[in-house]
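The sequence and the structure come next.

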Amino acid sequence: MTGSADNTPPQNLKRRRLVVLVPGFRGSVRTWQLLIERLSAESEFATADTLWFPYEHGISLFSLRSLNSEARNLAALING
């Protein structure tokens with residue numbers, strides 16, 4: 001879909017909710033299944049408009065990658 005000539009979005013576009021799951025050091029999204037199930041049951045998240053994005057960064061205290069560079073990578077994935 002495209003907007004009108006003045007760059008306003010079409011009126012029939014729905015807002016979507018993006019839930020990004022990012023674990024801390026030595027953590028994994030795999031251990032968050034119970035949390036995801038509980039949040040998914042909440043009325044605000046229990047719609048087809050909610051997109052779940054588990055992001056396993058794999059960074060540890062001894063990684064060569066920095067948190068800043070990984071944050072930029074995540075932002076690029078989200079923004080396309």
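## A nonpolar patch

Phe25, Leu61, Phe62 and Leu67 make a nonpolar surface patch of about 530 Å². Patches are built from residues with over 30% relative accessible area and no salt bridge; like charges are joined within 9 Å, and nonpolar side chains (Val, Leu, Ile, Met, Phe, Trp, Tyr) within 5 Å. Accessible areas come from the Shrake-Rupley method with a 1.4 Å probe, and for residues only the protein chains shown count as cover.

The classes are buried for under 20% relative accessible area, exposed for over 50% and partly exposed in between, with a 1.4 Å probe and protein chains only.

## Model and confidence

The model is predicted: local features need pLDDT of at least 70 and side-chain atom pairs count only at pLDDT 80 or more, while totals for chains, interfaces and linings use all residues. Residues are numbered from 1 along each chain as its sequence is written, and side-chain values use heavy atoms, with hydrogens and water left out.

The average pLDDT of the chain (the predictor's confidence in each residue, from 0 to 100) is 78, and 81% of the residues score at least 70. Residues 1–10 have a pLDDT below 50, and in the model this stretch has seven contacts beyond near neighbours in sequence. A contact means heavy atoms within 4.5 Å.

## Overall layout

Two helices and two strands are present in the chain, and along the sequence they follow the pattern β-α-β-α. Helices (H or I, at least four residues) and strands (E, at least two) are DSSP runs, numbered from the N terminus.

The chain has 80 residues, of which 15% count as buried. Its accessible surface comes to about 6600 Å², with 56% belonging to carbon and sulfur atoms. Of the contacts between residues at least 6 apart in sequence, 58% join residues at least 24 apart.

## Aromatic pairs

How many aromatic pairs does a search of the whole structure find? The search finds two. In the pair of Phe45 and Trp52, the ring centres are 5.9 Å apart and the planes stand at 45°, so this pair is tilted. Phe53 and Tyr55 form a tilted pair as well, at 6.0 Å centre to centre and 50° between the planes. Rings of Phe, Tyr and Trp (its six-membered ring) pair if their centres lie within 6.5 Å; planes under 30 degrees apart count as stacked, over 60 as edge-to-face and the rest as tilted.

Trp52 is partly exposed, at a relative accessible area of 27%, and Phe53 is partly exposed at 26%. Tyr55 has a relative accessible area of 9% and is therefore buried.

Thr50 belongs to strand β2 (residues 50–54). Its relative accessibility is 8%, so Thr50 counts as buried. With neighbours within four places in sequence left aside, Thr50 is in contact with Arg17, Val19, Glu44 and Phe45.

Glu56 lies in the loop between β2 and α2 and counts as partly exposed because its relative accessibility is 41%. Not counting residues up to four places away in sequence, Glu56 touches Pro23, Gly27, Ser28, Val29 and Arg30. Glu56 and Pro23 are 33 residues apart in sequence, and their C-alpha atoms are 7.0 Å apart in space.

Side chains of opposite charge can pair when their charged atoms come close. The structure holds one salt bridge, defined as a side-chain nitrogen of Lys or Arg within 4 Å of a carboxyl oxygen of Asp or Glu. The salt bridge is between the side chains of Glu70 and Arg65, at 3.0 Å from N to O. Is Glu70 buried or exposed? Glu70 is buried, with a relative accessible area of 8%, whereas Arg65 is partly exposed at 40%.

Glu70 is found in helix α2 (residues 67–79). Beyond its neighbours within four places in sequence, Glu70 is in contact with Tyr55, His57, Ile59 and Arg65. Asn73 also lies in helix α2 and is partly exposed, at 41% relative accessibility. Asn73 and His57 are 16 residues apart in sequence and 9.7 Å apart in space, C-alpha to C-alpha.
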